[in-house]
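Please consult the sequence and the coordinates alongside the text.

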Amino acid sequence: MSAPAAAAAAPPRAATAGDYLALMKPRVMSLVVFTGFAGMLAAPGGLEPVLAFAALLALAGGAGAAGALNMWYDADIDARMRRTRMRPVPAGRVAREEALFLGLVMSGVSVALMSLAGGLLAAGLLAFTIFFYAVIYTMGLKRRTPENIVIGGLAGALPPMVAWAAAAGALTLDPLLLTAIIFVWTPPHFWSLALYQRGDYAAAGVPMLPVTHGARETRRRILLYTLLLVPTAFAPVLTGLGGLAYAAVALVGGAAFLALAVRLAFSRAGEALEPGGEALYTVSEGDRAARNLFAFSILYLAALFAALIGEHGFGLSFALRLPAPFPA
Amino acid sequence: MAAAPIPPAPEPTEQAARKRRNLVIGWVLAAFVVLVFAITLVRLDANVSP
């Protein structure tokens, strides 16, 4: 018996605080805080350090609340997927009702905290983000349509806008661009993962694109969204939000992203119906192109927002003197 | 009317886990109170100071 299978067969141990933290998807929380931090630094005005810390904490709490609500609702799916079956609810360490309770309490606390630290606009946007992820995506889209992660990606794309609203008190074109970048980045990111986890999604009955439309169509759409992503990621340079460092990352990273997407389009990744593994990055030879794009997509997004943080947070901005057709 | 059955006492490991969880919740709540207090001070300072 393999180690995970043995663990699954053993009686569940008592829940630890770490299990409740796991309910809130800490890796997603860290990405949300990272992109939110970039949006906060890039926004005009700026917040007092205490208020900025509280607003980022509220953002993290909101992401955690949405994650807990997702784990409550999707416990049946998670139990059928190798990658997720050891999560606290399907593993039996935390009751579903506790995940629901944690999600609801964290939603209320995080929105209230955001209203104190970042104002009503940011709090309203945060509440909408939680609602969109938990209700529109998790309950509405995920089990019904292969466009689930396309539309649902809005929830993951909103944190920079929420943080911008907290810092500036109003929205302009620039935070919309930051949201658009993550929104367009989401399909190639998740579909490349779904290509080599296709068997897992099929077993769980989740209509991800590779399951409903096949691997070839998925690879084609990944390339199309990548063609849309590269200019979208460059747009902040035109409004003056991104400087020289950001422009370099957007150009070089975009070219590498596109090259990997082209290579994936001409590969046979996702053709073999693999059962899907527990490790995110361990794949068979044929699926390597999909794994490479998935891994690079994380690096690319992190580099884009790190460039913004460097430019706006640490005074490393060397703005390009470009005509600004879209004054932000 | 029959009395409700008394639930069995939790195992020592379960008791220890509950105690650790309660401690964590206590610390988190205390930190939250301090944070709200700090936010209030900052807001007061911003709104009251000339």
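How closely do the axes of α4(A) and helix α1 (residues 12-48) of chain B come, and at what angle do they cross? They come within 9 Å and cross at roughly 135 degrees, where axes are lines fitted to C-alpha atoms, for helices over the stretch in contact, and angles run from 0 to 180 degrees between N-to-C directions. This is a predicted model, in which local features need pLDDT of at least 70 and side-chain atom pairs count only at pLDDT 80 or more, while totals for chains, interfaces and linings use all residues. Residues are numbered from 1 along each chain as its sequence is written, and chains are lettered from A and ligands numbered from 1 in the order in which they are written.

**Interface of chains A and B**
- Ten residues of chain A are in contact with eleven residues of chain B.
- On the side of chain A that touches chain B, α4(A) gives the most, with three residues.
- That side of chain A divides into eight nonpolar residues, one polar and one charged.

**Packing within chain A**
- Helix α4 (residues 49-73) of chain A packs against helix α6 (residues 96-118) of chain A at about 155 degrees, with the axes 7 Å apart; helices (H or I, at least four residues) and strands (E, at least two) are DSSP runs, numbered from the N terminus.
- α4(A) and α6(A) are therefore roughly antiparallel to each other.
- The contact of α4(A) with α6(A) involves 20 nonpolar, seven polar and one charged residue.

**Chain B and model confidence**
- Chain B has one helix and zero strands.
- The C-alpha trace of chain B spans about 70 × 30 × 5 Å along its principal axes.
- Chain B averages a pLDDT of 87, and 92% of the residues score at least 70; pLDDT is the predictor's confidence in each residue, from 0 to 100.
- The model scores ipTM 0.81 and pTM 0.88.

How values were computed: Parallel < 35°, antiparallel > 145°, perpendicular 65-115°, else oblique. Nonpolar A, V, L, I, M, F, W, Y, C, P; charged D, E, K, R; others polar. Contact = placed C-beta atoms within 7 Å.
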